[in-house]
Amino acid sequence: MKKKWKSMILAIVFVLAVTLGSASVSPAEARTVVPLEYDLSHVQYQIVDTDGKTYNYKTRAAYEIAEKKFKQKWAVQQEGIKAQASDYATESFQHSGFRGWKYTTPVGYYTNFNNSSYNDEVSSLKTARKSSGTRVCFHKNGGEPCKTFGPGLDIRYVGDGWNDQISYINVYR
């Protein structure tokens, strides 16, 4: 009798291991890799959507109106996504490809790198999935130019015009 129970338990464990080990991530939970290999230094304001599509704005007013709409859209998209601890923060990296030091800015907070060793050193980002987007700017306290990235994006390289220029990061709730 003990052998049957043992065999049955082992069979159940095996089935669970195979089932859980091969579970796929739904498209809503996957991260989007955004290639920004081209120079965007001539663009004053920019929004990168969760599908990787980029939108450019000439004025701060137009940018802020569009940003508000995107934040609402992204907040709705986040409902029902199973979260991991790292999904509640945007990670900034010193080098492209997520290498070098890593600095974490939690959802609902901002980081002003001005007067620190991290200032003008960011080359890649992973934006928080459980957020309404992440704004990055050249100058302290959100001084322009600025970009807003959608939640759940992996930006392997911020682009030649933005590389080693970011001084401010705000992760929207």
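Buried means under 20% relative accessible area, exposed means over 50%, and partly exposed covers what is in between (1.4 Å probe, protein chains only). This is a predicted model, in which local features need pLDDT of at least 70, side-chain atom pairs count only at pLDDT 80 or more, and totals for chains, interfaces and linings use all residues. Residues are numbered from 1 along each chain as its sequence is written, and side-chain values use heavy atoms, with hydrogens and water left out.

**Whole chain**

The secondary structure comes to 2 helices and 11 strands; helices (H or I, at least four residues) and strands (E, at least two) are DSSP runs, numbered from the N terminus. From the N terminus on, the order is α-β-β-β-α-β-β-β-β-β-β-β-β. Of the 173 residues in the protein, 42% are buried. Contact here means heavy atoms within 4.5 Å. Among contacts with a separation of 6 or more, 69% are between residues 24 or more positions apart.

Next, colour by pLDDT, the predictor's confidence in each residue, from 0 to 100. The protein averages 80, and 71% of the residues score at least 70. Select residues 13-28: pLDDT stays under 50 there, and the model has 4 contacts beyond four places in sequence for this stretch.

**Nonpolar cores**

Select Leu125, Val136, Phe149, Ile166 and Ile169. Of the 17 residues in the largest nonpolar core, these touch the most other members. A nonpolar core is a set of buried Ala, Val, Leu, Ile, Met, Phe, Trp, Tyr and Cys residues joined through side-chain atoms within 4.5 Å. Strands β8 (134-139), β10 (153-155) and β11 (168-171) are the elements that give two or more residues to this core.

Stay on Ile169 and show its surroundings. Leaving aside neighbours within four places in sequence, Ile169 is in contact with Ser92, Thr105, Tyr109, Tyr110, Thr111, Phe113, Leu125, Thr134, Arg135 and Val136. A second, separate core has 10 residues, including Ile47, Tyr57, Tyr63 and Ala66.

Move to Ser92, in strand β4 (residues 89-95). Ser92 is buried, with a relative accessible area of 0%. Beyond four places in sequence, Ser92 is in contact with Trp101, Lys102, Tyr103, Phe113, Val122, Ser124, Leu125 and Ile169.

Now select Trp101, Tyr103, Phe113 and Tyr118, which form one aromatic cluster. A search of the whole structure finds 11 aromatic pairs. Rings of Phe, Tyr and Trp (its six-membered ring) pair if their centres lie within 6.5 Å; planes under 30 degrees apart count as stacked, over 60 as edge-to-face and the rest as tilted.

**Charges over rings**

Two lysines come next. Lys71 lies over the face of Tyr172, at 3.8 Å from the ring centre. The charged end of Lys126 is over the ring of Phe98, 4.6 Å from its centre. A charge sits over a ring if NZ of Lys or CZ of Arg is within 6 Å of the ring centre and within 35 degrees of the ring normal.

**Salt bridges**

How many salt bridges does a search of the whole structure find? The search finds 6, where a salt bridge is a side-chain nitrogen of Lys or Arg within 4 Å of a carboxyl oxygen of Asp or Glu.

Select Arg60. The side chains of Arg60 and Glu64 meet in a salt bridge at 2.9 Å, N to O. Both are in helix α2 (residues 60-78), and because they are 4 residues apart, about one helical turn separates them. Glu64 is partly exposed at 35% relative accessibility, and Arg60 is partly exposed at 28%.

Arg60 also meets Glu144 in a salt bridge, at 3.3 Å, N to O. Glu144 lies in strand β9 (residues 143-149) and Arg60 in helix α2, so this pair ties together parts 84 residues apart in sequence. Glu144 is partly exposed, with a relative accessible area of 33%.

Then select Glu91 and Lys102, whose side chains meet in a salt bridge at 3.6 Å, N to O. The pair links strand β4, which holds Glu91, with strand β5 (residues 99-106), which holds Lys102, 11 residues apart. Glu91 is buried at 13% relative accessible area, whereas Lys102 is partly exposed at 47%. Salt bridges that share partners join Arg60, Glu64 and Glu144 into one network.

**Last stop**

Finish at Val76 in helix α2. Val76 is exposed, with a relative accessible area of 55%. Its C-alpha atom is separated by 8.8 Å from that of Ser132, 56 residues apart along the chain.
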